[in-house]
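Student: Could you walk me through a structure that I have just opened, taking the sheet, the helices and the aromatic rings in turn?

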Amino acid sequence: MAQRFYIETLGCPKNDVDSDKLVGALLADGMVSTDDASDADLVVVNTCAFIDEARRESIDTILALDELRMDGSRLVVTGCMAERYGDELAAELPEVDQVAGFGQSFTASLDHAAATNAASKRKLIPVSSTAIPTFDLLNLPRPKSAVPWAYVKIAEGCDRSCGFCAIPSFRGPQRSRDVASILAEVEQLEAREIVLVAQDLASYGKDRPGELGAGSIVPLVNSVAAAVDRVRLLYLYPSDLSDALIDVICESGVPYFDLSLQHVSKPLLRRMRRWGDGQRFLDRIADIRVREPDAAFRSNFIVGYPGETEADHDQLLDFVEQAQLDWCGFFSYSKEDGTYAADLDGAVDPKLMGERLAELRELQDDITAQRRDGLIGRTVSVLVDSSGVGRTHREAPEIDGIVHVAHDVEVGSFADVQIVDALGPDLVAAGFDLAALDSVD
């Protein structure tokens with residue numbers, strides 16, 4: 001009988017891609033997937049280590065799955081925590097059978113591990129992580145997407161040195177994939193919308209200038225757009241948002257701009273080791289809206305970075321009001337060991353940080369609601385992700401709002417619908433029965 005595996009994925013869309021690659025590898029190894037962790041011979045936790053809260057969630061998930069799994073099964077921890085804290089995790093979590101960075105395969109020794117674990121499911125098989133993977137998930141095959149959209153990771157690692165971020169220390173420098181491998185994966189997925197992701201998306205190809213060429217993200221987007229109905233880009237560093245890239249995004253039919261801004265105060269941005277300032281960002285957003293009035297915008301901001309003053313916070317509030325972005329995420333600063341910011345002075349009191357977060361979130365919630373209200377009465381094109389749920393170009397999967405559509409609209413199809421109402425971040429199309437939402441509540 002084939003052995004069964006269960007994978008729990010935490011963190012960002014890039015981790016979702018990695019898990020899909022693991023699924024492909026495990027299926028190729030002769031295993032079968034199960035949705036029940038207690039019925040699995042192999043339980044994998046794909047962890048996130050970006051901030052302290054994510055690490056705590058990862059540890060809690062590992063311990064919960066250890067309690068749930070059956071005797072003789074194998075519990076493996078992989079992902080960012082395994083890459084960053086491999087030896088430490090192996091030493092501190094005797095519940096775990098293996099800590100495997102993405103540089104190691106944990107499939108080959110499955111039969112041996114299952115046999116040695118038969119007497120005790122808490123036998124430790126520690127495996128430390130490596131800095132740069134030798135078993136690279138980037139180009140492994142993936143199974144067909146179970147939904148009408150899919151993330152595709154076009155590069156791994158990052159060459160930037162942002163003051164708050166530890167990702168380059170454990171994911172390594174940027175490693176861009178070749179176009180042929182990306183297009184092959186797009187074809188394998190058979191999805192109608194492809195969402196391109198990377199730690200630094202717009203820098204795609206800069207590490208391979210002689211092969212892929214400068215500005216290679218632009219021809220890549222064109223190639224993917226020619227292969228699928230929609231292509232969407234996530235995580236764009238503002239200094240790399242060239243005119244050519246703006247044009248190709250607008251021409252793709254998905255004018256959605258996910259800009260990694262992080263703050264708008266110029267002095268604070270320099271302490272973050274980042275480019276730009278609020279006025280430059282506003283000018284660029286205004287320029288895009290002139291080219292494409294229907295463009296949608298998302299960004300994320302860090303609140304409470306060391307040295308953030310009340311004046312810096314006021315600048316951010318003013319920017320949010322002026323920019324009128326469709327979507328914003330606000331996150332409290334998390335001190336990360338080994339980063340430039342970890343040794344900076346000017347720590348912001350956690351209580352004050354919380355007050356600033358609440359003020360920004362309240363302002364943005366109002367802006368998002370107003371922008372959604374402004375769509376009432378319009379006819380829009382939606383991709384139906386699941387029964388009764390669709391998205392226009394304005395909504396990225398899993399992170400933005402949705403469009404409630406009639407349940408008889410075929411999943412996986414595109415449909416033109418009229419927006420008749422807005423419920424906070426979500427829209428309601430004609431033909432949708434609002435009573436269905438009441439019954440869920």
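Tutor: What follows is a short talk about strands, helices and rings. This is a predicted model, in which local features need pLDDT of at least 70 and side-chain atom pairs count only at pLDDT 80 or more, while totals for chains, interfaces and linings use all residues. Residues are numbered from 1 along each chain as its sequence is written, and side-chain values use heavy atoms, with hydrogens and water left out.

Student: OK, in what order do the strands of the open sheet come?

Tutor: The order is β6-β9-β10, with parallel pairing; strands are DSSP runs of E with at least two residues, helices are runs of H or I with at least four, and both are numbered from the N terminus. Two strands pair if DSSP finds at least two bridges between them.

Student: And which strands stand at the edges?

Tutor: β6 (149-153) and β10 do, each with a single partner strand, so one side of each is left without a neighbour in the sheet. β9 (residues 193-197) and β10 (residues 230-233) are joined over 4 bridges, and Val195 has Arg232 in β10 as its bridge partner.

Student: Which way do the β10 side chains point?

Tutor: Arg230 and Arg232 point one way and Val231 and Leu233 the other, and all are buried, meaning under 20% relative accessible area, where over 50% is exposed and in between is partly exposed (1.4 Å probe, protein chains only).

Student: Switching to helices, how do α8 and α9 pack?

Tutor: α8 (residues 217-227) and α9 (residues 243-251) pack at about 10 degrees with axes 9 Å apart, the axes being lines fitted to C-alpha atoms, for helices over the stretch in contact, and angles running from 0 to 180 degrees between N-to-C directions. The two helices are therefore roughly parallel (under 35 degrees; over 145 is roughly antiparallel, 65 to 115 roughly perpendicular, the rest oblique).

Student: Which residues of α8 and α9 meet?

Tutor: Ile217, Val218, Val221 and Asn222 in α8 meet Ala244, Leu245 and Val248 in α9, contact meaning heavy atoms within 4.5 Å.

Student: Last topic, how are the rings of Phe301 and Phe330 arranged?

Tutor: Their centres are 5.7 Å apart and their planes at 20 degrees, so the pair is stacked; rings of Phe, Tyr and Trp (its six-membered ring) pair if their centres lie within 6.5 Å, with planes under 30 degrees apart stacked, over 60 edge-to-face and the rest tilted. Phe301 lies in β12 (residues 296-303) and Phe330 in β13 (residues 327-332), 29 residues apart.
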